[in-house]
Amino acid sequence: MLSSEDYIRYQKQLKMADWGEDQQLTLSRAKLLVVGAGGLASGALPYLAAVGIGNITIIDGDTVDLSNLGRQVIYQQADLGEFKAHKAEAYLKALNPSIQVLGIAQKLTEENAENLIQSVDLVIDCTDNFKTRYLINDHCVAMGKPFIYAAIHTWEGHLSVCNMRMASGKMSPTYRCFFPNEPGPNEIPTCDEAGVLGFLPGILGIMQAKEAIFCLVGMPSPAQGALMTWDAQEMRSHFFALERDPLAEEKIFPAIEDSGVVKELSPEEAFAQWQDGQIDYVLDVREEDEWDFAKIEGAIHIPMNDIPSQMASLPKGSKGLVLCHHGMRSANVIVYLQQQAGFKNLYNLAGGIDAWSRRIDPDIPRY
């Protein structure tokens with residue numbers, strides 16, 4: 001319930017026709033992780049706090065440097081040498097004392113990413129390096145968390161809402177859908193090398209705040225399901241729509257070669273065993289649109305990205321056949337279930353539903 005102070009603080013937004021108490025309460029209950037406290041965060045953080053996001057965690061291991069002050073406007077000359085995360089925390093608490101803010105003076109790493117990301121509703125990627133972006137992507141995909149990506153280069157900015165369940169029911173692309181492989185160390189110059197004017201990360205950070213708000217309250221946006229590029233010189237934006245790569249989720253599970261044996265059945269073997277009652281259930285881990293287009297009748301459908309949250313519904317002690325389009329995603333799901341939950345009687349459908357449609361049931365459409 002909103003307090004009397006809340007009604008005064010948020011009175012302007014509460015007067016909007018498309019905004020009300022329900023939306024404001026949703027924000028007050030939201031938990032965000034902002035990774036990076038530099039130029040993008042200097043644009044995003046004040047508006048996230050001011051709009052009433054109830055719980056904001058900021059993680060950044062850097063200290064304030066004189067060269068930061070041309071664009072990272074939440075810091076002052078007196079902050080030089082101080083940890084950015086701690087100064088950003090103090091800034092937001094002074095701006096809006098009614099919210100919870102925690103600054104962590106560390107880098108996001110493999111060791112701390114899982115716990116931090118698992119505890120929030122949404123991640124905002126305000127980083128400036130590729131290694132951390134891929135780390136955020138892979139952990140968010142693993143745990144089904146949406147994240148707001150932004151990046152800048154000279155006069156151009158990028159923005160997208162990644163890994164979000166959209167109004168259509170489809171999942172939006174991941175960072176790896178746009179950029180599958182991490183570039184080499186010298187392929188793309190950094191801001192330190194190429195330079196930047198401070199307003200650009202500020203503008204993109206404000207856009208990230210806007211997308212975070214829309215994502216949390218369920219409002220649609222062109223940046224959901226597309227990569228936006230914004231040209232500061234021409235003052236133009238373009239949206240490049242992209243379907244989620246069906247293989248994008250593979251990174252959420254341990255690599256097959258590191259995890260022991262995945263048992264397989266050919267379509268003929270699987271069909272015969274299912275008919276004889278030797279297979280208790282069939283689990284299809286493809287995406288919703290794939291399932292709608294082609295399915296094996298009687299199968300259980302849980303998209304790969306939802307397996308971690310729904311695996312408790314599966315009959316652990318029973319014999320299961322797991323399938324996807326060609327057999328790669330299903331093999332990774334089996335690895336995950338074996339390692340994380342102790343499943344011992346799962347079999348991968350070799351060749352997936354594509355092989356099944358060719359060799360067992362030609363009435364199932366191929367794609």
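Ala 151 touches Arg 133, Glu 156, Gly 157, His 158 and Leu 204, leaving out residues up to four places away in sequence; contact here means heavy atoms within 4.5 Å. Ala 151 is found in strand β5. Helices (H or I, at least four residues) and strands (E, at least two) are DSSP runs, numbered from the N terminus. Ala 151 is buried, at a relative accessible area of 9%. For that word the cut-offs are under 20% relative accessible area for buried, over 50% for exposed, and partly exposed in between, with a 1.4 Å probe and protein chains only. Gly 205 is 54 residues from Ala 151 in sequence, and the two are 9.1 Å apart in space, C-alpha to C-alpha.

Before I go on, the basis. This is a predicted model, in which local features need pLDDT of at least 70 and side-chain atom pairs count only at pLDDT 80 or more, while totals for chains, interfaces and linings use all residues. Residues are numbered from 1 along each chain as its sequence is written, and side-chain values use heavy atoms, with hydrogens and water left out.

Strand β5 runs over residues 147–153, and Thr 154 lies in the loop between β5 and β6, the latter being residues 156–162. Thr 154 has a phi near 50°, a positive value in a residue other than glycine. Most residues other than glycine have a negative phi. Thr 154 is partly exposed, with 31% relative accessibility. Met 235 also has a positive phi without being glycine, near 55°. The loop that holds Met 235 is between β7 (226–231) and β8 (236–241). Is Met 235 buried or exposed? Met 235 is exposed, with a relative accessible area of 60%.

Now the aromatic rings. A pair of aromatic rings is described by the distance of the centres and the angle of the planes. Rings of Phe, Tyr and Trp (its six-membered ring) pair if their centres lie within 6.5 Å; planes under 30 degrees apart count as stacked, over 60 as edge-to-face, and the rest as tilted. How many aromatic pairs does a search of the whole structure find? The search finds seven. One of them is Phe 178 with Phe 179: the centres are 6.4 Å apart and the planes are at 55°, so this pair is tilted. Phe 178 is buried, at 14% relative accessible area, and Phe 179 is partly exposed, at 25%. Phe 271 and Trp 356 have ring centres 6.0 Å apart and planes at 70°, so they are edge-to-face. Phe 271 lies in helix α11 (residues 267–275) and Trp 356 in helix α15 (residues 352–359), so the pair ties together parts that are 85 residues apart in sequence. Trp 356 is buried, at 4% relative accessible area, whereas Phe 271 counts as partly exposed, at 33%. There is also a cluster, in which ring pairs link Tyr 134, Tyr 149, Tyr 175, Phe 178 and Phe 179.

Tyr 347 is next. Lys 263 lies over the face of Tyr 347, 4.7 Å from the ring centre, and Lys 319 lies over the face of Tyr 347 at 4.7 Å from the ring centre. A charge sits over a ring if NZ of Lys or CZ of Arg is within 6 Å of the ring centre and within 35 degrees of the ring normal.

Last, a helix contact. The axes of α4 (residues 39–51) and α5 (residues 84–95) come within 9 Å and cross at roughly 35°. Axes are lines fitted to C-alpha atoms, for helices over the stretch in contact, with angles from 0 to 180 degrees between N-to-C directions. The α4 and α5 crossing is right-handed; a crossing is right-handed if the near helix is turned clockwise from the far one by less than a right angle, and left-handed if anticlockwise. Leu 45, Pro 46, Ala 49 and Ala 50 of α4 make the contact with Ala 88, Tyr 91, Leu 92 and Leu 95 of α5. These residues divide into eight nonpolar, no polar and no charged. Ala, Val, Leu, Ile, Met, Phe, Trp, Tyr, Cys and Pro count as nonpolar, Asp, Glu, Lys and Arg as charged, and the others, Gly among them, as polar. In α4, 11 of the 13 residues are buried, so this helix is largely enclosed by the rest of the structure. Gly 52 follows α4 and has a positive phi, near 110°.
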